[in-house]
Amino acid sequence: MNLQSQQYQHLLALKQAGHAYDVHGVLGTQPGELAVLCPTCPQPGRNLLPDWDSAPPHQRWLFALFVGINANFQMCCHNNSSEDADPSLSKEWAHFMEESGFKRLLAEHAGQTQEKSSCASHNTVNLVNSKNVHGLAATGIGAVVCVRHNFKQPFAIGDLQKGEKCVNMDYLFFSTLTHSNDLAVFNISYDIACQWSKHHWTHMSHYPLKLHFSPGGKTITFLMPKFHSPAHIPACQTTFSFNLIKGMARMDGEALERGWSNINPVATSTHQMGSGLRWDTLDDYFSNWNWCKVCNFGPFLLQKLKEAIPQQDHHVLDLANFKQAISTESLESWCQMVEEWQSNQSNPNPFESTAIPVTQASVHLELSQAEADQLKCGLDVSLHAEVSLSVLIAAGMDLEAQQCHLATDKAVIGMHSTDIQLSALQQQMNALRCRLEHWAKIQTLYMLYVVRLHETDNSGPKSEEEAVHNIKLWLPSAVLKLPMPCDINLTQIEWKLCVAQAHKALHELRQHALLEVEWIKQFPKLEKEDICSMMEEQATSESQTEGQRLVAISWIWKQHHGIGEEELSDGDKFGPFSVKDSLAMHIEWCKAHTQANWWSEEVELLQEEMRQVSAFLEWQME
């Protein structure tokens with residue numbers, strides 16, 4: 001039954017592609033000719049204007065090829081048969097590539113080691129050799145698609161023998177590009193683009209000549225899908241961002257993931273098939289996927305255009321309102337920086353914050369280095385072999401935080417709590433009491449006067465009646481409120497740690513807009529209306545999160561990481577900023593400027609795609 005189905009699918013694909021009446025016969029079919037093509041992908045002689053290659057530089061992006069690269073490990077295949085026993089009928093005529101040349105190249109590069117990730121610790125890169133291949137003919141499939149409209153590209157899908165190796169993905173990528181060598185602009189989306197793009201041209205030189213692609217005179221931009229971007233370090237998030245690079249319109253780069261969600265249920269049927277039947281079956285599914293999208297292109301593009309035009313007007317107005325709050329000099333400088341970076345990313349990145357935040361870790365490091373310098377000079381002020389001044393205060397602040405957490409946990413314990421819950425809470429209280437007693441003993445070495453304070457208010461760690469979360473620690477800031485002397489070194493250490501602690505809270509507030517904090521001196525009093533994003537609303541859907549109408553900026557977005565007027569400038573890189581035109585405002589304006597350009601580009605690109613679809617269908621009809 002499977003053989004009859006395979007033959008029917010194959011004959012139907014030949015008829016639909018018009019090869020039943022080809023003068024060269026069925027055997028004259030060329031690689032990829034049975035695939036259903038994307039009408040909007042630029043194809044010279046089919047859907048591009050006659051003079052497209054002479055378009056001015058600012059319009060070349062309209063004729064760019066958007067492709068995405070990814071792997072799917074749901075589409076694995078058990079080693080139940082062989083290619084000789086179960087051959088493919090379509091060979092390389094649709095979406096799957098010809099296997100013999102592919103496997104020959106893989107065998108030649110079998111010993112190639114995969115470079116470890118220099119970005120975040122990506123499992124795609126670092127664990128490529130740890131995939132379980134026992135009993136599998138393929139651990140999954142790799143694919144290159146039109147990432148603009150999610151069309152599977154012809155001759156651009158292949159099996160993965162062991163993980164998402166560079167050589168597999170390189171072969172797929174260069175096989176696709178060699179069929180588009182006439183184009184001038186390429187936008188490549190890959191979730192590990194920051195790693196993969198570093199050496200891919202070097203890798204190409206080691207592959208057969210048929211895979212060679214000349215990048216000379218072409219604009220090739222590597223990007224990362226928006227959903228995958230937060231998993232990378234900040235530098236990669238800006239350098240490879242769909243949001244920030246010119247000419248990307250309203251792309252998110254996640255088309256491949258949406259396509260996988262459609263094909264994944266088929267894996268339950270194909271994972272036990274032989275290789276040939278599996279390839280032909282998946283070719284049929286991918287062609288049907290493409291054909292359904294072609295049939296719906298008219299309503300789809302029209303709906304997209306109806307959404308894009310109001311959004312374009314809305315964001316342009318938002319940007320105009322934002323400009324009114326910024327000086328003309330700053331606007332001109334920022335606009336120039338954005339244009340320079342978009343034309344050449346070796347220039348300073350205006351979307352990236354260069355201010356160094358004050359963190360608790362950085363303060364700990366600073367204090368430790370200061371103590372190390374004192375020890376080198378023969379000055380040892382420590383009264384304990386393992387606990388220095390900074391370690392004592394840092395530990396005390398950590399204990400205070402643990403007391404707060406314990407108080408919260410105790411408050412939520414209800415009348416009908418289980419024995420397990422009560423036991424866990426009691427264990428926390430006992431452990432914290434032991435830590436407090438141990439810390440208090442060391443505290444008396446540096447702050448002898450706190451012994452009298454503990455005795456006076458009867459709140460020392462040895463007081464069994466006192467709730468452990470209410471025990472006063474008498475840190476230097478608490479001692480200063482009393483008419484008692486305190487070591488200036490201790491107060492300075494606590495102040496630095498408190499400042500770092502406040503910056504951490506402010507950072508979390510900016511990220512989540514949920515916390516309520518007060519800091520009288522360095523930080524203005526936080527009112528309820530201050531807790532908001534720079535946008536007017538914090539929306540949840542993708543269409544809303546791309547930018548809302550801008551309103552008066554809360555002080556939390558104007559606050560800087562450092563302290564003092566010297567912190568309000570970013571050196572020679574970006575020039576001076578006033579309190580009003582802060583670095584945070586600078587970055588947010590650049591993003592708002594880019595968001596307005598998104599929608600303008602989207603409208604222009606949709607209109608060009610409508611023309612390309614009509615031209616392609618007319619060419620196909622002829």
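Predicted model: local features only at pLDDT ≥ 70, side-chain atom pairs only at ≥ 80, totals over all residues.
Colleague: How does aspartate 409 count by relative accessibility?

Modeller: Aspartate 409 counts as partly exposed, at 33% relative accessibility.

Colleague: Where is aspartate 409 found, and what is it in contact with?

Modeller: Aspartate 409 is found in helix 14. Helices here are DSSP runs of H or I with at least four residues; strands are runs of E with at least two, and both are numbered from the N terminus. A contact means heavy atoms within 4.5 Å. Leaving aside neighbours within four places in sequence, aspartate 409 is in contact with Leu425 and Gln428. Leucine 425 is 16 residues from aspartate 409 along the chain, and their C-alpha atoms are separated by 7.7 Å.

Colleague: How do I read a pair of packed helices?

Modeller: Two packed helices are described by the angle between their axes and the distance between the axes. Axes are lines fitted to C-alpha atoms, for helices over the stretch in contact, and angles run from 0 to 180 degrees between N-to-C directions. Take helix 14 (residues 389–412) and helix 15 (residues 419–446): their axes come within 10 Å and cross at roughly 155°. Helix 14 and helix 15 are therefore roughly antiparallel to each other. The cut-offs are under 35 degrees for roughly parallel, over 145 for roughly antiparallel, 65 to 115 for roughly perpendicular, and oblique for the rest.

Colleague: What is the hand of the crossing of helix 14 and helix 15?

Modeller: Left-handed. That term applies if the near helix is turned anticlockwise from the far one by less than a right angle; clockwise gives right-handed.

Colleague: Which residues of helix 14 and helix 15 meet?

Modeller: On the helix 14 side they include Leu389, Leu392, Ala395, Gly396 and Asp409. Among those of helix 15 are Leu425, Gln428, Leu432, Arg435 and Trp439. By class, the residues of this contact divide into 12 nonpolar, 5 polar and 3 charged. Ala, Val, Leu, Ile, Met, Phe, Trp, Tyr, Cys and Pro count as nonpolar; Asp, Glu, Lys and Arg as charged; the others, Gly among them, as polar.

Colleague: How do helix 8 and helix 10 cross?

Modeller: The axes of helix 8 (residues 255–263) and helix 10 (residues 275–295) come within 11 Å and cross at roughly 120°. That makes helix 8 oblique to helix 10. The crossing is right-handed. Gly259, Asn262 and Ile263 of helix 8 make the contact with Leu282, Tyr285, Phe286 and Trp289 of helix 10. The classes are 5 nonpolar, 2 polar and no charged residues.

Colleague: What surrounds glycine 140?

Modeller: Glycine 140 is found in strand 4 (residues 140–146). With a relative accessible area of 0%, glycine 140 is buried. Beyond its neighbours within four places in sequence, its contacts include Asn72, Phe73, Cys76, Asp159 and Arg278. Cysteine 76 is 64 residues away along the chain, with a C-alpha separation of 4.2 Å.

Colleague: And where is valine 450?

Modeller: In helix 16 (residues 450–457). Valine 450 is buried at 0% relative accessible area. Past four places in sequence, valine 450 is in contact with Gln443, Thr444 and Trp474.

Colleague: How many helices and strands does the chain have?

Modeller: The chain has 21 helices and 7 strands. Buried residues make up 47% of its 622 residues. Of the contacts with a separation of 6 or more, 76% join residues 24 or more positions apart.

Note on methods:
Residues numbered from 1 in each chain as written. Heavy atoms only, no water. Buried < 20%, exposed > 50% of the residue type's maximum accessible area, 1.4 Å probe, protein only.
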